[in-house]
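Student: I have just opened this entry and would like to understand the words used to describe it. Could we go through them one at a time, setting each term against its definition?

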Amino acid sequence: MKRLPKWWKKSVVYQIYPRSFRDTNGDGIGDLPGVIEKLDYIRELGCDTIWICPFFESSNYDNGYDITDYEKVLADFGTMEDVETLIAEAHARGIHLLIDMVVNHTSCKHPWFFESRKGRENPMGTPNPFREYYIWKPGKNGGAPNNWEAIFGGSAWTQCECDGNNKSDENCECGENNGRGEYYLHIFSPMQPDLNWESSKLRDEIFRMMRWWLDKGIDGFRMDAVCYISKDPSFPDTTDGNIRPCASFGPHFQAFVRELNEKVLSKYENIMTVAEMSESTPERAEIYANEDDSMFSMIFQFQHLDLDGGDSFKWTHRRINLRELKHLMEYWQTNLYGRAWNSLYWSNHDQPRIFSRFGDSEGPLHEKSAKMIAACTHMMQGTPYVFQGEELGMTNVRFESIEEVRDIESLNAWKKFTADGTFSEAEMLDLISLRGRDNARTPMQWDDSQNAGFSTGTPWIKVNPNYTQINAADQLARPDSVFHFYQKLIQLRKTYEIITAGRYESVDLENPDVFAFLRVLPDEKLLVVCNFTNHPASVALPKEFLSENEKGKEILITNGSCTNWKDGKLEAYDAFVVRMFETCGMV
Ligand code: GLC
Ligand code: CA
């Protein structure tokens, strides 16, 4: 097939968590008509791709990441006609639509799992064809097959076998060992059994379903937790029970992705895929996000977000160290250059709000710090992702009691760590307010009316009370808002090739306060300088930018009044981007 230019290299993606975006029928749950209603808003921001989190039929233990039918829409969100309208209306505005494919696991309420758990054989003694759709293993020494711990807590194995003839089996709840038969594997919660990609029958079902979606006209996929589809086939114990190293990037992973590409992705011109892959390294990115289109378009790596705790233990007050972050970003930016494509993100539906992680989210410089953080990512090489509300500078929320928390991960952690004495209830609530995923899931703040203009009903999760100060209506009306800063950053990416194509070079790398770098093309350079602190700081600028020759230097964007940028002295949270063009003073 002929190669088309990769449109997604110039794209900026807007991520929607539909449950929290916009509710049009007053049931407190965001819906697809709400997404359609806000397409013009997204267009105005300048994003030309949407990644929408799962809207499929689901048991909702993990808000849609536990699918019961891949080809139906959950009634909370709307109908299949709504999806079709969304595709058409997005395309009419020049916006691509990516859907979220959760194919490492299903819900335990998926019909495949109902069938699978009935045992290896049917009552007549013939093999149960659905058994191989999931991963079943006999127990060992009176317990689970190995010591793997599920990402959402507890053992990654649950014993559950129902013969299907007994009425009570229909109510057989997953998550409780029923004392019979084999154990099934679930990397996340017991309600999310892992699919067995070793089965070619299962793979064919998945591939057919993905083609069905592409035939509807979507423009690609975000592949949820895809690094886990191949596991170490010997299912070894790990030293500390950490499941990630042995359950991800197993020996057949490359073959599975290649097959997915051959049988599905390569059949459609011009689609984009982004693969969620914790445990990623630039070496892995080079394989799975390479330039020859044989795998995925790009991946999400997690190393930069792991710097303040990491997946293995996220419940900590640790802060990201700027120097570590700079080294890491340099490592990704330089190693992928010309070999693979980066995705750029600080925020998504699994992360606390970035402006509470860095920046002055509670203070007077909130907006300034938000713009600085935005400039830093948007000037790197890769495809930027803006998570709903990020463009307004939305922040973490304070959870006043555990009753306000909805997320399965936070609730499980609360149970575990308050029971075993690791944290007091107050400490754990603090940590959930700091690190929990619900911070990203509070309703989008549209205006200062009731419930932030999200819903006329009772929202499924609390609204952040700061919506009276932080909301879209206010920001759209104010030219100096965070929204308009993002809009400008996105326009710059569309205007200046160097933002897409330039080589990355660190500036003053060991500076503990300032994140500065260059983007370089043969006859052009871009200098990006960001003070990550709440105090004045200085930076050693590259000499070619300090040359007396003023010709060909222009400030493309700044969040302050950096008229004296050449002295390298910065006020708190200052950020500026200078472009130097033609050949003035360049080597
Ligand atoms: C991914 C999703 C997350 C979900 C998990 C299990 O990490 O982003 O929200 O809970 O996979 O599907
Ligand atoms: Ca609704």
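Tutor: Let us begin with the word strand: a strand is a DSSP run of E with at least two residues, and strands are numbered from the N terminus. Residues 13-16 form strand S1, and Gln15 lies in that strand. Please keep in mind throughout that this is a predicted model.

Student: How many helices and strands does the chain have?

Tutor: The chain holds 18 helices and 20 strands.

Student: Why is Gln15 called buried?

Tutor: Buried means under 20% relative accessible area, and Gln15 has 1% relative accessibility, so the residue counts as buried. Leaving aside neighbours within four places in sequence, Gln15 is in contact with Trp51, Cys53, Ser347, Asn348, His349, Val386, Phe387 and Gln388.

Student: What share of the whole chain counts as buried?

Tutor: Of its 587 residues, 62% count as buried. The accessible surface of the chain comes to about 21800 Å², and carbon and sulfur atoms hold 49% of that surface.

Student: How do you know whether the chain agrees with a compact globule?

Tutor: For 587 residues, a compact globule would have a radius of gyration near 25 Å, and the chain has 24 Å, so the value agrees with the rule. Along the principal axes, the C-alpha trace spans about 90 × 55 × 50 Å. Among contacts with a separation of 6 or more, 71% are between residues 24 or more positions apart.

Student: Where is Arg398, and why is it called partly exposed?

Tutor: Arg398 has its place in the loop between strand S13 (383-387) and H13. The relative accessible area of Arg398 is 37%, and therefore Arg398 is partly exposed. Not counting residues up to four places away in sequence, Arg398 touches Glu404, Leu429, Asp430, Ser433 and Lys462.

Student: Which residues of helix H14 are buried, and what do they pack against?

Tutor: Helix H14 covers residues 425-435, and its buried residues are Met428, Leu429, Leu431, Ile432, Ser433 and Arg435. These pack against helix H11 (354-357) and helix H13 (408-419).

Student: What makes Met191 a buried residue, and where does it lie?

Tutor: Met191 lies in the loop between strand S8 (183-185) and H6. Its relative accessibility is 18%, so Met191 counts as buried, since the limit is under 20%. Apart from residues up to four places away in sequence, Met191 touches Tyr61, Asp66, Thr106, Ser107, Cys108 and Ile408.

Student: Which elements cover the buried residues of H8?

Tutor: The cover includes helix H6 (200-215), strand S9 (220-223) and helix H9 (282-288). The buried residues of helix H8, which runs over residues 253-263, are Phe253, Phe256, Val257, Glu259, Leu260 and Asn261.

Student: What is particular about phi in Phe235?

Tutor: Phe235 is not a glycine, although its phi is positive, at about 40°. Phe235 lies in the loop between S9 and helix H7 (244-247), and with a relative accessible area of 13% it is therefore buried.

Student: What can be said of phi in Asp293, and is that residue buried or partly exposed?

Tutor: Asp293, also a residue other than glycine, has a positive phi near 65°. Asp293 is found in the loop between H9 and strand S11 (298-300), and at 33% relative accessibility it counts as partly exposed.

Key:
Residues are numbered from 1 along each chain as its sequence is written. Chains are lettered from A and ligands numbered from 1 in the order in which they are written. This is a predicted model: local features need pLDDT of at least 70, side-chain atom pairs count only at pLDDT 80 or more; totals for chains, interfaces and linings use all residues. Side-chain values use heavy atoms; hydrogens and water are left out. Helices (H or I, at least four residues) and strands (E, at least two) are DSSP runs, numbered from the N terminus. The radius of gyration is taken over C-alpha atoms; the globule rule is 2.2 Å times the number of residues to the power 0.38. Buried means under 20% relative accessible area, exposed over 50%, partly exposed in between (1.4 Å probe, protein chains only). Contact means heavy atoms within 4.5 Å. Accessible areas come from the Shrake-Rupley method with a 1.4 Å probe; for residues, only the protein chains shown count as cover.
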